[in-house]
Amino acid sequence: KAIRLGGSFCSVTPDDGTYYQWQEWTGPVWERPSIGAHWDSYSGNAYNLIGGWGPFEMIDYAVALGAEPVITTTMTSTPDEFADLVEYCWANTSSPLGRKRAADGHPEPYRLRFIELGNEQYNHNYLEQVKAMEARATAVGAAGQLHYVFPSNGGVTGDDITAAAALNLGNRLVT
C-alpha cells in the first residue's frame, strides 16, 4: 500500500546533492532544468530513465493507485529548505509556496505524509530538519500529519536518541 521514490533519485552526484533538491522538480516538466537526469548505471553507461519523473509526479501516481507515497530526499537540504517542502506540499494559496504549487499546476495540497531525509546513510542534521519541518507543518495546518523517515537502517544512535525522544513525535519518527 506504499510506493517509495528514493535511492538513485536522491544521489549526491553530480554536484553534492543540489541537482536533486526538491525545488528543482517543481513546475511543468518541460521547463525544469532537471530534465535529463538519469540513474547511474554500471560499466559507465547512463540510462535516462527518470527525465521528467520527479517526486511530485510520483506522489500523484501513488495517490492515483491508492497507495501511500514515500519520497526520499537528498539529506543535503537545509532545515529551512525542508520546511519549505512542507509548505509547498501542504499550504493553501494564501502562502507563497502554496501559491507556487498552484501556479505549478497542482491547486490542491499534495498531502505527502512520509518523507525520508536522506538515503541509506546517517543524517546528522535529521533532528534539526525534523524540527523545522514540524514547525512549518503546524504553521500551515498540517500538525501531526508528517512521518519523518531516518535514512540509516540502524536508526538514530548515541546522543541523538535522547534528542529524538525529546521531540515527542512517537511513531512519526520512522526508521
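This is a predicted model: local features need pLDDT of at least 70, side-chain atom pairs count only at pLDDT 80 or more; totals for chains, interfaces and linings use all residues.
Layout to begin with. The protein has five helices and seven strands. From the N terminus on, the order is β-β-β-α-β-α-α-β-α-β-α-β. The chain holds 175 residues, and 46% of them are buried. Now contacts. Take those between residues at least 6 apart in sequence: 62% of them join residues at least 24 apart.

Next, a helix pair. Two packed helices are described by the angle between their axes and the distance between the axes. Here the pair is α2, residues 79–90, and α4, residues 126–139. Their axes come within 8 Å. The crossing angle is roughly 35°, and the crossing is right-handed. Who makes the contact? From α2 it is Pro79, Asp80, Phe82, Ala83, Asp84, Val86 and Glu87. From α4 it is Glu128, Gln129, Ala132, Met133, Arg136 and Ala137. By type, the residues of this contact split into seven nonpolar, one polar and five charged.

On to α3, which runs 96–103. Which of its residues are buried? Leu97, Gly98 and Arg101. They span an arc of only 105° around the axis, so they sit on the same side of α3. An α-helix has 3.6 residues a turn, so residues three or four places apart point the same way. What do the buried residues of α3 pack against? Against α2 and α4. Pro96 and Ala103 are exposed, on the face of α3 turned away from its buried side.

At the N-terminal end, serine 95 is the cap. A side-chain oxygen of serine 95 lies 3.3 Å from the backbone nitrogen of leucine 97. Just after α3 comes glycine 105, with a positive phi of about 100°. Glycine 105 sits in the loop between α3 and β5, and β5 covers 114–117. Is glycine 105 buried or exposed? The cut-off for exposed is over 50% relative accessible area. Glycine 105 reaches 56%, so it counts as exposed.

Most residues other than glycine have a negative phi, and most peptide bonds are trans. Two residues here deserve a look. Arginine 111 has a positive phi, near 55°. Arginine 111 belongs to the loop between α3 and β5. With a relative accessible area of 46%, arginine 111 is partly exposed. Glutamate 120 also has a positive phi, near 60°. Its place is the loop between β5 and α4. Glutamate 120 is at 63% relative accessibility, so it counts as exposed.

Last stop: glutamine 121. This residue, too, is in the loop between β5 and α4. Glutamine 121 has a relative accessible area of 25%, so it is partly exposed. What does glutamine 121 touch, leaving out residues up to four places away in sequence? Met75, Pro151 and Ser152. Then there is phenylalanine 150. C-alpha to C-alpha, glutamine 121 and phenylalanine 150 are 8.8 Å apart. In sequence, 29 residues separate them.

To recap the α3 region: the buried residues of α3 pack against α2 and α4, and α2 passes α4 in a right-handed crossing.

Definitions and conventions: Residues are numbered from 1 along each chain as its sequence is written. Side-chain values use heavy atoms; hydrogens and water are left out. Axes are lines fitted to C-alpha atoms, for helices over the stretch in contact, and angles run from 0 to 180 degrees between N-to-C directions. Helices (H or I, at least four residues) and strands (E, at least two) are DSSP runs, numbered from the N terminus. A crossing is left-handed if the near helix is turned anticlockwise from the far one by less than a right angle, and right-handed if clockwise. Contact means heavy atoms within 4.5 Å. Ala, Val, Leu, Ile, Met, Phe, Trp, Tyr, Cys and Pro count as nonpolar, Asp, Glu, Lys and Arg as charged, and the others, Gly among them, as polar. Buried means under 20% relative accessible area, exposed over 50%, partly exposed in between (1.4 Å probe, protein chains only). The arc is that of the directions from the helix axis to the C-beta atoms. A polar contact is a pair of N or O atoms within 3.5 Å; within protein, one must be able to donate a hydrogen and the other to accept it, and residues adjacent in sequence count only if both atoms are side-chain atoms.
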